[in-house]
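Work through the exercises below with the model open. Each task is followed by a solution in steps.

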Amino acid sequence: MGLFGNYQYSQRRIRSVELLDTEIVSLPRPTEQFNRQHAGAGGIRLQPLKPLRVLFSAETGRNDRPFYPTSDKDYQAIQARADYRAAKGELSASYRSFTNTNSANLFVHSSTGRTWAVDGGWTP
């Protein structure tokens, strides 16, 4: 059995200069924005039987001011995997889910992605 976990904090500064083409004399308008993101992840690895291994992990994160409407704001990621390895064969199954909820001032963007997979192999 194994446990793992982590916490991440990041802060970034985004600067840009806006120029309008409609004005006769175009003056640059500098703008600046700070983003702070907090994320935590954890999981467990199990080997209940010698040929069987199971992994489960989850991550969640919060970003206070995402720059683009499709950027990660409030997201959750879940992953599960099971592997069974015998002398001449192998079978594995996995599941992944990622959900992002982003509601910026002018746009609302939410996305959910899920992946299921099964894989097997045999060597004579």
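**Exercise 1.** Classify Glu90 by its relative accessibility, and find its salt-bridge partner.

Solution. Step 1: the classes are buried under 20% relative accessible area, exposed over 50%, and partly exposed in between, with a 1.4 Å probe and protein chains only. Step 2: Glu90 has 36% relative accessibility, so Glu90 counts as partly exposed. Step 3: a salt bridge requires a side-chain nitrogen of Lys or Arg within 4 Å of a carboxyl oxygen of Asp or Glu. Step 4: Arg85 meets this criterion with Glu90, the closest N and O atoms being 3.7 Å apart. Step 5: Arg85, at 44%, is partly exposed.

The model is predicted: local features need pLDDT of at least 70, side-chain atom pairs count only at pLDDT 80 or more, and totals for chains, interfaces and linings use all residues. Numbering runs from 1 along each chain as its sequence is written, and side-chain values use heavy atoms, leaving out hydrogens and water.

**Exercise 2.** How many salt bridges does the structure hold? Describe the one between Asp64 and Arg36, then the one between Arg81 and Asp83.

Solution. Step 1: the structure holds five salt bridges. Step 2: in one of them, the side chains of Asp64 and Arg36 meet at 3.6 Å, N to O. Step 3: Asp64 lies in the loop between S3 and S4 and Arg36 in strand S2, so this pair ties together parts that are 28 residues apart in sequence. Strands here are DSSP runs (E, at least two residues), numbered from the N terminus. Step 4: Asp64 is partly exposed at 38%, and Arg36 is partly exposed at 34%. Step 5: for Arg81 and Asp83, the closest N and O atoms are 3.2 Å apart. Arg81 is partly exposed at 33%, whereas Asp83 is buried at 11%.

**Exercise 3.** Is Asn35 buried or exposed? Find what Asn35 touches.

Solution. Step 1: Asn35 is part of strand S2 (residues 29–49). Step 2: its relative accessibility is 3%, so Asn35 counts as buried. Step 3: contact means heavy atoms within 4.5 Å. Step 4: the side chains of Asn35 and Gln33 are joined by a polar contact of 2.9 Å. A polar contact is a pair of N or O atoms within 3.5 Å; within protein, one must be able to donate a hydrogen and the other to accept it, and residues adjacent in sequence count only if both atoms are side-chain atoms.

**Exercise 4.** Which shape class does the aromatic pair of Tyr95 and Trp116 fall into?

Solution. Step 1: rings of Phe, Tyr and Trp (its six-membered ring) pair if their centres lie within 6.5 Å; planes under 30 degrees apart count as stacked, over 60 as edge-to-face and the rest as tilted. Step 2: the structure holds two aromatic pairs. Step 3: Tyr95 and Trp116 form one that is tilted, at 5.5 Å centre to centre with 45° between the planes. Step 4: Tyr95 lies in strand S5 (residues 89–103) and Trp116 in strand S6 (residues 108–122), so the pair ties together parts 21 residues apart in sequence. Step 5: Tyr95 is partly exposed at 24%, while Trp116 is exposed at 62%.

Methods: Helix = DSSP H or I, 4+ residues; strand = E, 2+ residues; numbered from the N terminus. Lists of a residue's contacts leave out its neighbours within four places in sequence.
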